[in-house]
2 protein chains.
Amino acid sequence: MKKRAKSNESSLIRRIEQIAWRPTAVLPVSLGDDAAIWRPRTGYEAILSCDWFLEGTHFLATRHPAESVGWKCLARAISDVAAMGGVPRCFLLSLALPSTRTGAWLRGFLDGLAKASHALKCPIAGGDTTRRQEILINITVVGQCRRGSAVLRSGARPGDAIFVTGRLGEAEYGLQLLRSGKKKLSFRDRRLRKHLYPRPRLAIGGALAQNRLATAMMDLSDGLSSDLARLCAASGVGARIWAQQLPTVRMAEGHQKSFDAAELALHGGDDYELLFTVAKSNLARIPKSIGNLALTQIGVIAAQKKVLLVNGNKAVVELRNLGWDPFRS
Amino acid sequence: MKKRAKSNESSLIRRIEQIAWRPTAVLPVSLGDDAAIWRPRTGYEAILSCDWFLEGTHFLATRHPAESVGWKCLARAISDVAAMGGVPRCFLLSLALPSTRTGAWLRGFLDGLAKASHALKCPIAGGDTTRRQEILINITVVGQCRRGSAVLRSGARPGDAIFVTGRLGEAEYGLQLLRSGKKKLSFRDRRLRKHLYPRPRLAIGGALAQNRLATAMMDLSDGLSSDLARLCAASGVGARIWAQQLPTVRMAEGHQKSFDAAELALHGGDDYELLFTVAKSNLARIPKSIGNLALTQIGVIAAQKKVLLVNGNKAVVELRNLGWDPFRS
């Protein structure tokens with residue numbers, strides 16, 4: 001991150017510097033130079049990922065608390081490292097701000113970012129700041145994994161079991177509750193937690209990679225119907241999903257009329273759960289849960305290159321890709 | 001870079017994939033996964049830098065050729081690696097585009113980006129794409145250097161000689177010619193080359209670092225007056241600059257009335273030349289030029305924490321920081 005002397009930008013960078021501890025064994029150079037230096041461990045390779053998080057497209061500055069924006073921009077970028085089975089090591093923050101957002105909003109944003117940085121053990125290494133009419137965020141995460149151990153999307157084979165972590169559709173349910181706005185929800189409402197403060201599944205992703213249990217893996221960012229189609233395309237296979245096995249949102253009685261839990265689970269985005277496949281021979285080694293996090297088999301990989309949904313009455317339909325794609329009009 | 005199946009975004013990513021060769025020894029995983037994998041060499045450490053390049057702020061889509069935008073966004077990010085004395089190894093492209101720019105503009109942009117990627121030996125490793133009303137670009141560059149060999153801004157000591165590469169103010173001169181627009185300039189005009197197609201000084205930066213000749217180094221992105229103030233602040237020193245020694249723009253007779261070469265050299269941004277300091281004991285080891293690129297001593301580091309300009313008539317004035325700062329109003 002470039003340091004600007006005697007200017008507002010310099011004070012902005014000093015505030016960003018304070019958000020996180022900096023382990024000097026891994027990040028030996030201070031934030032104020034042309035670039036950051038990162039020391040990878042011998043025998044490991046780097047996982048690199050960057051993610052847009054843009055006002056209007058990915059969040060609403062008027063609806064989402066600044067703390068959530070700070071937490072979520074880093075958590076979702078780290079989710080890509082979890083999806084490879086790696087460990088996050090540092091991140092770069094590119095931040096563009098209007099002058100109206102350098103007060104309370106920036107404080108809240110940096111507070112949320114600091115919490116994510118500490119909780120996910122991922123210190124800031126550098127970045128770039130500029131002024132802009134809208135809030136623009138781009139996060140680059142650097143992770144590491146043992147050489148050759150990263151789990152890709154392309155390794156699924158016919159007969160492999162398809163698993164997901166946690167419950168699907170919870171983030172979309174929270175978003176819809178927030179949007180419906182019948183009565184003002186507290187941002188501390190448990191049902192909003194996954195939409196506002198998602199947790200990348202680092203422990204389970206790492207365990208699956210280290211024990212070579214997953215043949216393919218990715219994170220669920222745009223919804224199961226979209227993301228499973230991508231995993232299948234990368235692996236050159238298809239899938240059969242069992243509708244009745246989907247771990248859906250638990251909702252109150254009254255809500256079951258207004259919200260379709262199955263639709264939320266199939267097409268809701270932003271859950272940042274892991275989708276992974278396991279060879280039959282390893283099926284017995286996958287536990288029902290790790291800590292509080294359920295691991296649920298939701299179907300099997302098939303040779304036929306279609307994604308099919310098997311309903312309770314045994315009807316089989318092709319699963320339409322209804323998740324999020326910014327370029328689909 | 002995440003691959004999206006059966007969509008416009010997927011086809012966009014396929015087009016981005018084609019811009020560069022991908023050396024699989026360094027980048028073993030294809031572009032379509034959650035993240036990229038990069039293999040650093042043993043005994044080396046990673047240099048990480050990211051840079052905004054935004055429509056309206058950093059370029060004008062209506063005035064700058066798309067090829068230049070593609071070249072320059074990567075070249076200026078790589079300049080930060082040159083300024084540490086490193087070698088670029090790969091980059092991540094975060095691109096947000098309006099649908100009106102996915103035709104001719106995108107072709108030109110990717111063409112310029114591909115040329116820079118090849119010329120500067122820096123293949124694409126991944127990134128993120130989304131739709132947006134304006135063109136937003138963020139480039140993350142990953143470089144490498146021998147462990148502990150990076151040249152920082154903080155190493156300048158009183159008595160060190162201050163050097164710059166090339167001529168200063170050339171990019172600003174080109175920008176002003178483009179803006180004045182009296183007669184339409186060809187984008188091939190030699191005087192526009194540094195503004196449109198800057199070349200990061202990788203060879204000289206690397207040579208200075210490997211031979212441990214530079215005590216401090218940075219690239220000149222915002223203008224000498226701004227950037228030298230930063231180097232001095234990081235090193236806790238001041239400087240005396242000799243106005244008559246500044247390597248200024250060579251301009252035609254008629255232009256010497258309209259343009260002030262000294263002002264361009266002191267405050268003009270976007271040159272991406274290197275600013276570095278050399279201990280007296282190593283002064284004899286610095287050549288006058290390397291290839292066609294001049295190395296010019298422009299002053300000395302002083303203990304007093306001020307940046308002073310020594311004019312021809314021996315008058316000494318404090319050099320005001322008039323370079324570019326996005327947060328200065």
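Tutor: Chain A is divided into domain 1 (8-146) and domain 2 (153-318), with bounds that come from an automatic or database domain assignment. This is a predicted model, in which local features need pLDDT of at least 70 and side-chain atom pairs count only at pLDDT 80 or more, while totals for chains, interfaces and linings use all residues. Residues are numbered from 1 along each chain as its sequence is written, and chains are lettered from A and ligands numbered from 1 in the order in which they are written.

The C-alpha centres of domain 1 and domain 2 of chain A lie 27 Å apart. Between these domains, 17 residues of domain 1 of chain A are in contact with 19 residues of domain 2 of chain A; contact requires C-beta atoms, placed from the backbone, within 7 Å. Helix α2 (residues 66-82) of chain A supplies the largest share of the domain 1 side, 9 residues; helices (H or I, at least four residues) and strands (E, at least two) are DSSP runs, numbered from the N terminus.

The contact between the chains takes 61 residues from chain B and 61 residues from chain A. On the chain B side, strand β2 (residues 44-54) of chain B gives the most, with 9 residues. Strand β1 (residues 36-38) of chain A pairs with β2(B) in the antiparallel sense over 3 bridges, where pairing needs at least two DSSP bridges. Within this pairing, A:Trp38 stands opposite B:Ala46. Because 100% of the interface residues of chain B are also interface residues in chain A, the copies meet through the same surface.

How values were computed. Contact = placed C-beta atoms within 7 Å.
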